[in-house]
Amino acid sequence: MQKYIIEPIEELNGEIEVDGAKNGILPIMAATLLSTEPCIIHKVPSLKDVGVMVEIIRHIGANVDRAKSSMTVNVPKIKNSEAPYDYVSQMRSSFDVMGPLLARTGLARVPLPGGCAIGERPIDLHLKGFKALGASVEFGHGFVQAKADKLVGANIYLDFPSVGATKNIMMAATLAEGVTVIENAAKEPEIVDLAIFLSKMGAKISGSGTDTIRITGVKELKGCEHATLPDRIEAGTFLIMAAMNKSNLLIKNIVPSHLKPVIAKLIEAGVNIKEEEDGLRVISDGKIKPVDITTLPYPGFPTDLQAPFMALLCLADGSSTVLETVFESRFSHISELNRMGAKIKIEGHSAVITGPCQLQSADVKATDLRAGAALVLASLVAQGATTIHDIYHIDRGYNGLETKLRNLGVHITRV
Ligand code: UD1
């Protein structure tokens, strides 16, 4: 198991660049299964999760060529309608291949993704969608299987605007007969980007980015070329990191409109954020006012930035509250932040953070991807060198983090 040793830094000055979005590229890679023609994708982040998705689609029949940050995927034939357990068990978003497989071959067998460190993550809404499109769904031997002679468009109302279910249903519906309408759909920028990619492939989709998406099925999809959108969660992590330190940091390749609630909360906390031609500049004296946040589906405050933001709130001069409404239990970072001297109490789905506190170095564990990010941010302002264990979680979602931090003068070592 690898770990990071991170020393605190006096000031964070300079520039940092955001990579292509993890949550954007993964469904796009799954969508390439919908066509027999090659798709070329640019700005592909070099992440562990991308490697896992490469192995899954290769197993299914894709030829994948990677050169620098571009990737060409060609799936002339589906060799296998089953996704391999070894890879699916590593990453929940491997379930994204279910919709494309079902649409292209009428059969998809994917191991149940199961729970994970951020609580129960059911797939009922994905399956509700497949069934509405005419598929039969069965469980057995740890797999979920969806089968259909043909898919037929339908009206599907999602009880919750699930990102995963919206992606999967949208992809399945591209090759269905007739019109599919997804109501209460997720509105995340990654959904919009997937819709753009599918439209370049020849799909007929309108309404992405609103809560009603309409897909008119077509007979076949073609190859296309696309660049992954910037990772708003990586960008948000850097915004929060800059806010926590004395800093003058320019964050490049960022889409400010994707981060409105985060920017608003940082400004409320007293941080100075300026839009410049090639990015957002954060100027901070590291003094933070307490603020309350509630995580919500997009365009609300993203649950993926809840843990990093909590690290910031430990520094605030007073008491702040964080309410998590998207996931059942996403507070595993709290015990680790408390090991570093934070004063955070859990009250139901809320966390109450009492600040200000001087964080101290400790041995801590990244319990999931974003919890790991929170610990990296905390270690930059802690007294002494912090050791973060289980950093494979962080490698899932932050491309070249060490190099990016070293360029800002941070002493970070992977052991
Ligand atoms: C995606 C993101 C993840 C982010 C999350 C919420 C990817 C690869 N991952 O995850 O980083 O934290 O959106 O913004 O894009 N739910 C059901 N039934 C379902 C599906 C979901 O009840 O069939 C519930 C989940 O348990 C959870 C909520 O809906 O409480 C949100 O889940 P969802 O939006 O589906 O998240 P993911 O797509 O898994």
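Okay, hi everyone. Keep in mind as we go that this model is predicted. Let's start with the ligand.

So, which residues sit closest to the ligand? There are 21 residues around it, and the closest are D124, L125, S162, D304 and V326. If you sort that shell by class, you get 8 charged residues, 7 nonpolar and 6 polar.

Now for some contacts with oxygen atoms of the ligand. From G164, a backbone N or O atom comes to 2.8 Å from a ligand oxygen. P122 also uses a backbone N or O atom, and here the distance to a ligand oxygen is 3.3 Å. With N23 it's the side chain: one of its polar atoms is 3.1 Å from an oxygen of the ligand.

How much of the ligand does the protein bury? On its own the ligand exposes 740 Å², and the protein buries 86% of that. As for the elements that give two or more residues to the shell, those are α5, running 124-132, and α6, running 163-173. You can find D124 and L125 in the list of closest residues, and those numbers fall in the α5 range.

Note on methods: Residues are numbered from 1 along each chain as its sequence is written. This is a predicted model: local features need pLDDT of at least 70, side-chain atom pairs count only at pLDDT 80 or more; totals for chains, interfaces and linings use all residues. Side-chain values use heavy atoms; hydrogens and water are left out. A residue is near a molecule or strand if one of its heavy atoms lies within 4 Å of it. A polar contact is a pair of N or O atoms within 3.5 Å; within protein, one must be able to donate a hydrogen and the other to accept it, and residues adjacent in sequence count only if both atoms are side-chain atoms. Accessible areas come from the Shrake-Rupley method with a 1.4 Å probe; for residues, only the protein chains shown count as cover. Helices (H or I, at least four residues) and strands (E, at least two) are DSSP runs, numbered from the N terminus. Ala, Val, Leu, Ile, Met, Phe, Trp, Tyr, Cys and Pro count as nonpolar, Asp, Glu, Lys and Arg as charged, and the others, Gly among them, as polar.
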